[in-house]
Amino acid sequence: MNSTIKRALSGIKSTGTPHIGNYLGMIRPAIELQEKHQTLYFIADYHALTTLHNPEKMRKNTYDIAATFLALGLDPQKSIFFRHSDVPEVCELAWILDCVINMGTLQRAHAFKAAKEKGLENEICVGLFNYPVLMAADILIYDSHLVPVGKDQLQHIEITRDIAQRFHHTFGETFVLPQALVQEETMTVPGIDGQKMSKSYNNTIEIFSSPKQLKKQVMKIVTDSTPLEKPKNPETCNVFALYRLFAPKEKVKKMEENYRKGGYGYGHAKKELLQVLEEHFAPYRKKYEQLRNDEKYLETILTQGAQKARNIAQQVMARVRKKIGYAPYPTPSSPNS
Ligand code: ADP
Ligand code: TRP
């Protein structure tokens, strides 16, 4: 790789259908990066397995995500686009990293702490506890410099750096230390209930849901009960928070004025939001449907991407194995294979 070109990498879990939080927080910035950097993006189906144990849904979600990225402009000639589980080397690296990180660090990770607060620490699977280590392996195995993610992932990037430094302390310089790339204005997109929008919270607005479904999702956005004629506070309204992420500045200003002067209801705001979302995604919708109906094509793209990704992963793993004192990978022709 040309040393001035940085490598960017990110992943998205196949736990559901991609939503506008994924789009603004990760998909759009990731696609923009393909113009300037070497980029690798993957569908994190190993991570999805921490919560999803349904093969049909795993397959469906994988294809939904693949079609979404490609429809929105991911170019497989420019980006390496693949499925996590097609590069099993990450599991080998995750095990190795497991042996340099301590339990205390993982106990401070958000997902585990949240489970603990709910009294579920003995119920969650070991994979969920260990999730940050697999994520560190995902990043380190490709010598990634940049990781475009939403704000919720910042702690994981910090843990990744921590793990890499611990490994270096024991075995010497081996990995590239990655940096997170977070877009300030879309750090955390709110869901229709006002919490962070997430596939896991059932509060999403999907990027390519049918117009009917989109309308249903927008109409369900939670608002307060201020009557139509009364002035409203745009700063505390979920509809406005989403509108300002998609509408042009003048329109945002207009809606803000309407809120403040009263006589403008949440129903009006929802209609405007719906319109702006439809307009934003309309140019990509046909392409999405066409791609989504061609799973064979999606498979070909993901398989080709995985070959390229494995190539890089195996080179990094050869470096790692040597540092630890392991033999190189046995090859079929070698005597100890
Ligand atoms: P989800 O929480 O919906 O399961 P993922 O964990 O698969 O989403 O996240 C994929 C990417 O999208 C990550 O970089 C994550 O930070 C980003 N992302 C997810 N939800 C949001 C959100 N509500 N706002 C901004 N970025 C988000
Ligand atoms: N943990 C990320 C999420 O929940 C998905 C992910 C897995 C990821 N591996 C990654 C993101 C590596 C960036 C880099 O959104």
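Trainee: At which residue does the kink in H12 lie?
Mentor: Helices, numbered from the N terminus, are DSSP runs of H or I with at least four residues, and strands are runs of E with at least two. The bend at a residue is the angle between axes fitted to the seven residues ending there and the seven starting there. In H12 a kink of about 55 degrees comes shortly before the proline Pro283, and its place is Ala282.

Trainee: How far apart are the end C-alpha atoms of helix H12?
Mentor: The expected span of a helix is 1.5 Å times one less than its number of residues. Helix H12 (residues 266–292) has 27 residues, and a straight helix would reach 39 Å. The end C-alpha atoms of H12 fall short of that, being only 34 Å apart.

Mentor: Please note that this is a predicted model, in which local features need pLDDT of at least 70, side-chain atom pairs count only at pLDDT 80 or more, and totals for chains, interfaces and linings use all residues. Residues are numbered from 1 along each chain as its sequence is written, chains are lettered from A and ligands numbered from 1 in the order in which they are written, and side-chain values use heavy atoms, with hydrogens and water left out.

Trainee: How many of the residues of H7 are buried?
Mentor: Buried means under 20% relative accessible area, exposed over 50%, and partly exposed in between, with a 1.4 Å probe and protein chains only. Among the buried residues of H7 are Leu134 and Asp138. H7 is mostly covered, the count of buried residues being 12 of 15.

Trainee: What is the relative accessible area of His84?
Mentor: His84 is in the loop between strand E3 (79–83) and helix H4 (89–98). Beyond residues up to four places away in sequence, His84 touches residues including Phe42, Leu134 and Asp138, where contact means heavy atoms within 4.5 Å. His84 is buried, with a relative accessible area of 2%.

Trainee: How far apart are the C-alpha centres of domain 1 and domain 2?
Mentor: An automatic or database domain assignment supplies the bounds, giving domain 1 (7–189 + 295–324) and domain 2 (208–289). The distance between their C-alpha centres is 32 Å.
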